Amino acid sequence: MTGDLRTSAPRRRALRQMGALVLSVPVWPAALPSARAAAGSGGGSAASILAVRVWPADDYTRVTLESDRALAAKSFLAAHPDRLVIDIDGLELSPDLRELLGKVRPDDPFIAAVRVGQNQPRVVRIVFDLKQPIAPQVFTIEPVAAYKNRLVLDLYPVQERDPLLDLVREKEAAEQAAAQSVQDALGELIDKIGRPQPSASEAERAFARAPAPARPASRPAGTVPTPAPPAAPPLKEVAPEMSQAKLDRLIVIAIDPGHGGEDPGAIGPSGLKEKDVVLAIGLKLRDRLNSNPKIRVMMTRDADFFVPLGERVRKARRVQADLFVSIHADAFITPQARGASVFALSTSGASSTAARWMANKENAADIVGGVNTKGVKDAVVLQTMLDMSTTAQIKDSLKLGGEVLGQIGKVGKLHKGSVEQAGFAVLKAPDVPSILVETAFISNPEEESKLRNPDYQDDLVKALATGIARYFAKNPPLAARHRSL
């Protein structure tokens, strides 16, 4: 017994030393959660959705999921009925993600409804029920400007709209509406002339005996309704040669409101966004120019959605535009900067440091707005097309810019009294005279207030339209641009 005790004492001392060694091994608390997560379903906590945005437009609808970390997504199309299915890995359902259900508008051209569900642990499935077949593009954008990681879903139509056909149909609809208005006014005038008018006393006695029967508010009392004219034929039934003749006689002007959608542009001191004010000015300019039956305007965007710079150029070239006018309201690093500017393209360097700074800022729009660089099949060919701008195009652009600048100077202060030049990507249509108009500095509190004022917008629009008219008076458009439907 005594010998057992003597031999057990060293064992006890060895066990105590081993226990001390175990307790002395450092344990890193930060490693424990990740170890538990790795042992769970997929490693790491789920990404958090920061914002969900939907940008519907006739051209395409964009859906953006902004998150605190990059998302990985797989997509496929299903038919009968048409659906787009997106599976997003490393994500769990959240209230922010469920907001997507309420952000789709009933008038969205492509999306009928959205369903969101937890398809698998840490995999969210989003199903878009579609109104028409689409050619989707799904891509990610790394953090830039005020945005974190973005997963972008662009829903394009399988068959792209023909912008020239749209212009012809728009012109024919306007002509039919104008003809109908003239016919209605002429019919009412004939009724007044051909029907004897009762004397005042007779009219008073008749009114006292009985109330006048109900009549349309727009037709004078005592007239006989004119027979309704025969319905105009559908626009698609107009003879192709007639449409082609009207098309050849048209002056086509491309109006390009800058930024849009994911790209707000510059933001004024009180929160006015450049993309909103230039769209308002662009739409007013379109309506004013379209009032001339010989002019038809193509808008690169007519709503709040993003259009890449190269696509703006392509749209102008597709309609063989006679002019291209891009409208902006930029900001500068100090609020004191003020005044309007007009820019034309330069292929040999900017005319000033400010012009170079402005061009670099505007050319970064694609980075902020979000372009699917993988979707460009041949970036070299695209860049070559943009670099084909000719000396003649730049010369005409300077003439146009001079006329517009002269008229804008009558509305407000000019930042510089001559047309400046820089390498603006949006001005690189090789066969279309193109200018970029900075209507004012939205970063200047006084000018931001003016840009918000509808009356000031109207004055700007009048100046732009007058400058364009003066340019055409001195430089008639080509007799035939060989446009074809």
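Contact is taken here as heavy atoms within 4.5 Å. This is a predicted model, in which local features need pLDDT of at least 70 and side-chain atom pairs count only at pLDDT 80 or more, while totals for chains, interfaces and linings use all residues. Residues are numbered from 1 along each chain as its sequence is written, and side-chain values use heavy atoms, with hydrogens and water left out.

**View A. Surroundings of isoleucine 253.** Apart from neighbours within four places in sequence, Ile253 is in contact with Leu289, Ile295, Arg296, Val297, Met298, Leu323, Ile468 and Phe472.

**View B. The largest nonpolar core.** A nonpolar core is a set of buried (under 20% relative accessible area, 1.4 Å probe, protein chains only) Ala, Val, Leu, Ile, Met, Phe, Trp, Tyr and Cys residues joined through side-chain atoms within 4.5 Å. The largest has 40 residues, and Ile253, Ile255 and Leu289 have the most contacts inside it. Among the elements that give it two or more residues are strand 9 (251-257), helix 8 (274-290) and helix 15 (454-474), and helix 15 supplies the largest share, nine residues.

**View D. The largest cavity.** A cavity is a set of points on a 1 Å grid over the protein atoms alone where a 1.4 Å probe fits but cannot get out, and its lining residues have an atom within 4 Å of a point. About 80 Å³ of space lies in the largest cavity, which is lined by 14 residues, with Leu309, His328, Glu362, Ala365 and Val426 nearest its centre. Helix 9 (309-318), strand 11 and helix 10 (353-363) each give two or more residues to this lining.

Methods
Buried < 20%, exposed > 50% of the residue type's maximum accessible area, 1.4 Å probe, protein only. Helix = DSSP H or I, 4+ residues; strand = E, 2+ residues; numbered from the N terminus. 1 Å grid on protein atoms, 1.4 Å probe; cavity = no way out; pocket = protein on both sides within 12 Å on 5 of 7 lines; lining within 4 Å. Points joined across faces, edges and corners; volume = space filled by probe spheres on them.
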